[in-house]
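Visitor: Hey, I've got a structure open and I'd like to go through some of its helices. Can you help me read it?
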Amino acid sequence: MARSGLAGAARVARWADPSLRPGHDGGSSDGRGTLSHATAERAASELGLTSDQVRHDWDTARLAGLVEVHGDIARPGWRLRAWNRDDSAVLRGWVALFDAWSIAHPEEADHEPAAVAEVVSAMPQVLSFLQLSAGPVPMEQLLDLLEQRVTELRTERCEIPYGPQPEPVAQQPEAPPVEDTPLAPLLDWALHALASVGALTYGDGQATLTPLGSWAVWVKLEQICVAAQSPAGNIEQNAEDMLRGCSQLRPNAARAEYRAWLAARPVGSAVAELLDAARGEDALLRGLAFEALRVVGGPAEPDVRAVTEKTPLRPYALLWLAEHDGIDPEDAYEVLTREEATWMWVDTAAAVADHGEAPLLVRHLESAVQPTIPALLDEVRAVGHPRTVQVLVALAAGHPDPALAKAVRRAAFQVHTGGS
């Protein structure tokens with residue numbers, strides 16, 4: 001159902017793919033990703049559609065993530081690239097469209113904006129009721145539920161006056177207050193909008209969730225439940241503090257915490273926050289941030305790919321992308337150059353030195369790509385990691401072999417003084 005519902009959007013996005021590449025004029029001229037008139041007309045002619053259909057499918061493609069707009073440039077999204085090989089990419093695209101139902105089918109201009117916002121906020125409860133009903137529900141019943149929920153929202157904001165109120169002073173007629181705005185037309189708009197994205201069917205005075213809509217509502221409810229079951233209670237923390245809180249957890253428990261933290265946030269902002277944490281000086285957080293990004297999966301790909309040219313994150317990003325492309329984690333290190341692998345060895349050693357114990361740092365020697373300790377020391381000195389001296393000093397202090405510890409101390413001194 002998701003594929004068929006997005007087929008038109010995928011078709012237009014594929015048609016536009018060559019025009020989205022650098023040096024071609026096919027996307028935005030106003031910074032909003034709107035197709036130019038000439039491009040829409042050309043697409044309509046070549047695809048056998050009207051220009052209005054092309055524009056509608058293009059807007060759907062943007063909302064579903066099949067097209068991504070960055071400033072004045074539009075480009076194919078990861079979901080379009082993964083369309084034929086990854087069903088989850090298609091489902092994620094449809095869920096993104098489902099989340100944007102009020103944008104996909106805007107309300108009439110004469111509706112009170114504050115009332116529209118209240119209805120949009122109240123619709124999740126209406127959708128949950130439809131999901132629990134597992135069948136058609138009359139409009140009257142949905143309207144009653146909507147009015148109750150809107151009243152609750154107004155009460156929570158203390159906007160409903162209590163007790164007797166003074167008579168208003170005679171004034172010129174004004175726009176009716178939000179409380180007087182009839183909700184039936186807005187419910188009608190919301191149901192039509194949700195029907196337009198394939199979440200429900202609406203007609204003959206009743207609404208019924210489609211199987212796809214029922215699944216989407218179930219997923220949203222599951223996310224709420226996951227977020228409410230954070231084992232370590234880090235949901236409200238920022239990414240850096242959440243990662244620190246997970247540093248002492250076992251891998252499975254940490255992944256459960258990542259899932260709960262991610263479920264409580266929009267994917268885009270969560271990924272950006274994790275990458276910001278990874279850019280810091282703490283190497284442990286860098287590794288943990290990319291573990292959390294593994295839980296995110298495909299939606300993080302564009303942002304991870306964008307940091308592959310930045311030294312602190314490049315090795316981690318390359319490994320993440322290799323694993324995302326299906327390479328076995330044990331073989332993923334082959335995508336790194338010798339210098340990148342050495343830089344990452346030092347970075348990981350820094351995390352161990354800061355947060356682990358000396359025996360762990362000694363055992364970390366076994367993970368180096370160099371066949372001998374002298375070769376490792378030579379390449380570590382050359383790689384230019386800012387924590388090289390501290391790592392070598394900690395390794396020398398913890399290594400049980402006096403001769404090797406002396407060689408490591410000498411290497412640390414040479415890095416410190418700039419000697420050879």
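This is a predicted model: local features need pLDDT of at least 70, side-chain atom pairs count only at pLDDT 80 or more; totals for chains, interfaces and linings use all residues.
Visitor: How do helix 15 and helix 17 sit relative to each other, and at what angle do they cross?
Guide: Their axes come within 11 Å and cross at roughly 20°. Axes here are lines fitted to C-alpha atoms, for helices over the stretch in contact, with angles running from 0 to 180 degrees between N-to-C directions. Helix 15 and helix 17 are therefore roughly parallel, a label for angles under 35 degrees.

Visitor: Okay, which residues of helix 15 and helix 17 meet?
Guide: From helix 15 you have Ala283, Arg286, Gly287, Phe290, Leu293 and Arg294, and they meet Tyr316, Ala317, Leu319, Trp320 and Glu323 in helix 17. Contact means heavy atoms within 4.5 Å. By class, that contact has 7 nonpolar, 1 polar and 3 charged residues.

Visitor: What about helix 14 and helix 15, how do their axes cross?
Guide: Helix 14 covers residues 267-278, and its axis comes within 8 Å of the helix 15 axis, crossing at roughly 160°. That makes the two roughly antiparallel, the label for angles over 145 degrees. Among the residues that meet are Val271 and Leu274 in helix 14, with Ala289 and Phe290 in helix 15. This contact has 12 nonpolar, no polar and 1 charged residues.

Visitor: New topic: how much space lies in the second largest pocket?
Guide: About 970 Å³. A pocket is an open set of points on a 1 Å grid over the protein atoms alone where a 1.4 Å probe fits, with protein on both sides within 12 Å along at least five of seven lines; lining residues have an atom within 4 Å of a point. The volume is the space filled by probe spheres set on the points, which are joined across faces, edges and corners.

Visitor: Which residues are closest to its centre?
Guide: Of the 34 lining residues, the closest are Leu284, Gly287, Leu288, Glu291 and Thr348. Helix 15 (283-296) and helix 17 (314-324) are among the elements giving two or more residues to this lining. Helices are DSSP runs (H or I, at least four residues), numbered from the N terminus.

How values were computed:
Residues are numbered from 1 along each chain as its sequence is written. Side-chain values use heavy atoms; hydrogens and water are left out. Angles under 35 degrees count as roughly parallel, over 145 as roughly antiparallel, 65 to 115 as roughly perpendicular and the rest as oblique. Ala, Val, Leu, Ile, Met, Phe, Trp, Tyr, Cys and Pro count as nonpolar, Asp, Glu, Lys and Arg as charged, and the others, Gly among them, as polar.
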